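Here are some friendly notes to read alongside the picture. Take the points in order and keep the structure open as you go.

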Amino acid sequence: TGPCTASCTQPCGVCGGDDQPRAAVTPPREGELEADPLPAARPAPAAASPTSPAAEAPRRVLFSFRKSGPAAFLGHLDVLGVLERAFLRAGYEPAFSQGFNPKPRLEIAHPLPLGVESEEEVAAITLLDFDEAEAFRGRLDRALPPGLRCAAAKELPALRPQVRKPSPMALYWGADFRIQ
């Protein structure tokens with residue numbers, strides 16, 4: 001922004017609304033900046049080859065995982081964060097939501113209360129580079145912390161256009177509880 005003066009209208013935050021500068025703002029001297037901070041134009045993305053992962057449609061994977069030991073004391077949002085990082089460590093590329101704060105398209109069917117262990121929690125994720133169920137389990141297990149293990153995985157069928165995807169909770173038949 002330009003230097004702050006009594007007639008400054010730039011919302012840079014240096015003026016406190018009283019038109020009195022809180023800090024000295026000096027414009028950079030000629031040649032001080034190494035390069036233009038904003039490129040003139042973004043390069044066009046390269047066309048995806050038929051064998052590249054970008055050419056494949058995103059695939060939904062339904063998986064279940066075990067939560068035991070100290071991992072039982074992870075809250076629902078913490079488990080989501082651990083799973084997000086585990087997918088990245090495992091080398092998978094999740095599909096992200098659109099919007100201001102994109103998140104991986106990861107859903108847990110029935111979150112458990114804090115301190116409860118589980119043998120199979122059901123979740124779904126949309127991946128851009130899913131390989132197969134057994135490879136998925138192995139890669140995810142190596143990336144998960146102690147107390148969390150992938151129990152099973154299955155690729156969901158591709159959806160037809162204009163068809164709403166079912167949530168994992170809609171695919172969830174119920175649960176058996178064992179109180180000890």
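1. Let's start with a term: two strands pair if DSSP finds at least two bridges between them. By that rule, strand 2 and strand 3 (residues 118-127) are antiparallel partners, joined over three bridges. To find one of these contacts between the two strands, look for isoleucine 108, whose bridge partner in strand 3 is alanine 123. Strands of a sheet pair through backbone hydrogen bonds, either parallel or antiparallel.

2. Now step back to the whole chain, and keep in mind that this is a predicted model. The protein chain holds three helices and four strands. Of its 180 residues, 28% count as buried. Among contacts with a separation of 6 or more, 65% join residues 24 or more positions apart.

3. In what order do the four strands sit in the open sheet? The order is 2-3-1-4, with antiparallel pairing. Strand 2 and strand 4 (148-155) are the edge strands, each pairing on one side only. On average, neighbouring strands are turned by 25° against each other, direction ignored.

4. Helix 2 (residues 133-143) lies across strand 1, strand 3 and strand 4, and runs at about 160° to strand 4.

5. Is leucine 106 buried or exposed? Leucine 106 counts as buried because its relative accessibility is 11%, and the cut-off for buried is under 20%. You will find leucine 106 in strand 2 (residues 106-108). Leaving aside residues up to four places away in sequence, leucine 106 touches Phe63, Leu80, Leu83, Glu84, Phe87, Ala124 and Ile125.

6. Two of those neighbours, Phe63 and Phe87, also bring us to the rings. The model has six aromatic pairs. In one of them, the ring centres of phenylalanine 63 and phenylalanine 87 are 5.7 Å apart and the planes are at 80°, so this pair is edge-to-face. The pair links distant parts of the chain, with phenylalanine 63 in strand 1 (residues 59-67) and phenylalanine 87 in helix 1 (residues 76-89), 24 residues apart. Both phenylalanines are buried.

7. Arginine 139 lies over the face of tyrosine 92, at 3.9 Å from the ring centre.

Notes
Residues are numbered from 1 along each chain as its sequence is written. This is a predicted model: local features need pLDDT of at least 70, side-chain atom pairs count only at pLDDT 80 or more; totals for chains, interfaces and linings use all residues. Side-chain values use heavy atoms; hydrogens and water are left out. Buried means under 20% relative accessible area, exposed over 50%, partly exposed in between (1.4 Å probe, protein chains only). Contact means heavy atoms within 4.5 Å. Rings of Phe, Tyr and Trp (its six-membered ring) pair if their centres lie within 6.5 Å; planes under 30 degrees apart count as stacked, over 60 as edge-to-face and the rest as tilted. A charge sits over a ring if NZ of Lys or CZ of Arg is within 6 Å of the ring centre and within 35 degrees of the ring normal. Axes are lines fitted to C-alpha atoms, for helices over the stretch in contact, and angles run from 0 to 180 degrees between N-to-C directions.
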